[in-house]
Amino acid sequence: MAADKMILAENVMVSTDCEKTGLNNNVIVCGGSGTGKTLSFLEPCLLETFESSVIVTVVKRRVVDQYKPMFRKRGYVVEDMNFAYPERSTVTFDPLKYVKSYTDIRFLAQSIVKANPRKDRSNADPYWDEAAISLLSALIAYTMMTKRDGTFADVLDLLNELSFTGESGQIETTLDRKFDSLAKQDPKCFAVSCWRSFRLLPVRTAGSVFGTLNTTIDTIFSPELCRMIARNKNVDFEKLASSKTALFITASAVNPALHSFISMFYAQAFKQLFEFAEKQPSGQLPLPVRMLYDDFAVGGRVMNCAEYMSILREKRISMCLLIQSESQLASMYSREDATTIINNCDTYIFFGSMDLTTARHISERINLPLEDVLYMPVNQVYVFRRGQKPITAKRYDIYRDEVYQAVMKMQKRSRAIREK
């Protein structure tokens, strides 16, 4: 079975065939802003992609425009989820379309409520989040049971319709009649069970829970995003894992609120791809799926990312994470989870950083004085591969790559045709 290759540095190229290398294809690329992580690692990875499906998340629209024609020429289906300019997207992600069970409902509600990266670092009582998850689960379940082709916009409409009154006893809400009607049909259904949990809360507590959920929803689901969800077709994860597909996700550099939605997408992508792999006789995806995430630690927190990283290889899934420093990753995922993520990457490429924590770790890895790491030459990288001695090399010069030069010419021709 043919496998792609990865360019790690100048004159350092490795196979992505895990059976041959004995290593997973998870990669941490660490370097400060402007050190060339995108140009010298992410783009060379795209140049060497012939046999895998890829999900590429960037804030640099240039990358998408350059590599779309190349992938089309290679026979790929190319999809574009553009959060910077939603009207230009070819696909979208309606989280409700992937719900098939009560477990899925709970997973979706949890991924939304916990999308804010500050949640796991907060000292607040987790009870509030759990109550908000229960309320959102009730709304999702109600929509699934009463709407034949419901969308997440229907869930948002229910939430907007919700208001409540009451004294110290049981609250009364504007949705009581809807759920009472559902209870008459099936009093033990999941929607009614979750709704009753909310109804039993004291008024002030219910107000806090409602406020927690409303704030999270308002942060993630902007009007522009809702229009994008309603207009486009949904990402087909099974098709992506079965036929060569390049899915580009463009995050907005000036609207960080969308990062939480992208994090929800990745949490759902992991789940859908894992479940699809489980259905296969081999227990693996028909095609390898590689996820390349630029500025990973700047985006929203991907739920259960540390846990998923430890079992990606067996399903033919891999992640290449570009970060500015280990401290930045720890600030997003907690120090323990950040360590787990790094430890589950059999390849680590260091492009240079002024972050002392990162520099100390690299100094210990490569057995060099701290100042040599802090003040390493700007075109130099350190490459670490599990089971091998560290490599000191020059960062890859993509401008000398013949395939890259051909891609640039192809882009110029495409632009000229569009302008005619």
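How do the axes of H5 and helix H6 cross, and within what distance do they come? In this predicted model, the two axes come within 9 Å and cross at roughly 125 degrees. That makes H5 oblique to H6, and the crossing is right-handed.

Let's look at who meets whom there. From H5 come Leu136, Leu139, Ile140, Tyr142 and Thr143, and they meet Phe152, Asp154, Val155, Leu158 and Leu159 of H6. Sorted by class, this contact has eight nonpolar residues, one polar and one charged.

Ser137 counts as buried because its relative accessibility is 1%, and the cut-off for buried is under 20%. Setting aside neighbours within four places in sequence, Ser137 is in contact with Ile105, Arg106, Ala109, Phe190 and Cys194.

Now for the strands. Nine of them make an open sheet with mixed pairing, in the order E5-E10-E4-E11-E12-E3-E13-E14-E15. At the edges sit E5 and E15, each pairing on one side only. From one strand to the next, the twist averages 15 degrees. Inside that order, E3 and E12 pair in the parallel sense over four bridges, and Val27 stands opposite Cys320 in E12.

Here's where some of these elements lie along the chain:

| Element | Residues |
|---|---|
| Strand E3 | residues 27–31 |
| Strand E5 | residues 77–82 |
| Helix H6 | residues 152–161 |
| Strand E12 | residues 317–323 |
| Strand E15 | residues 391–394 |

Terms used. Residues numbered from 1 in each chain as written. Predicted model: local features only at pLDDT ≥ 70, side-chain atom pairs only at ≥ 80, totals over all residues. Heavy atoms only, no water. Pairing = 2+ DSSP bridges. Helix = DSSP H or I, 4+ residues; strand = E, 2+ residues; numbered from the N terminus. Axes fitted to C-alpha atoms, helices over the stretch in contact; angles between N-to-C directions. Buried < 20%, exposed > 50% of the residue type's maximum accessible area, 1.4 Å probe, protein only. Contact = heavy atoms within 4.5 Å. Parallel < 35°, antiparallel > 145°, perpendicular 65-115°, else oblique. Left-handed = near helix turned anticlockwise from the far one by under 90°. Nonpolar A, V, L, I, M, F, W, Y, C, P; charged D, E, K, R; others polar.
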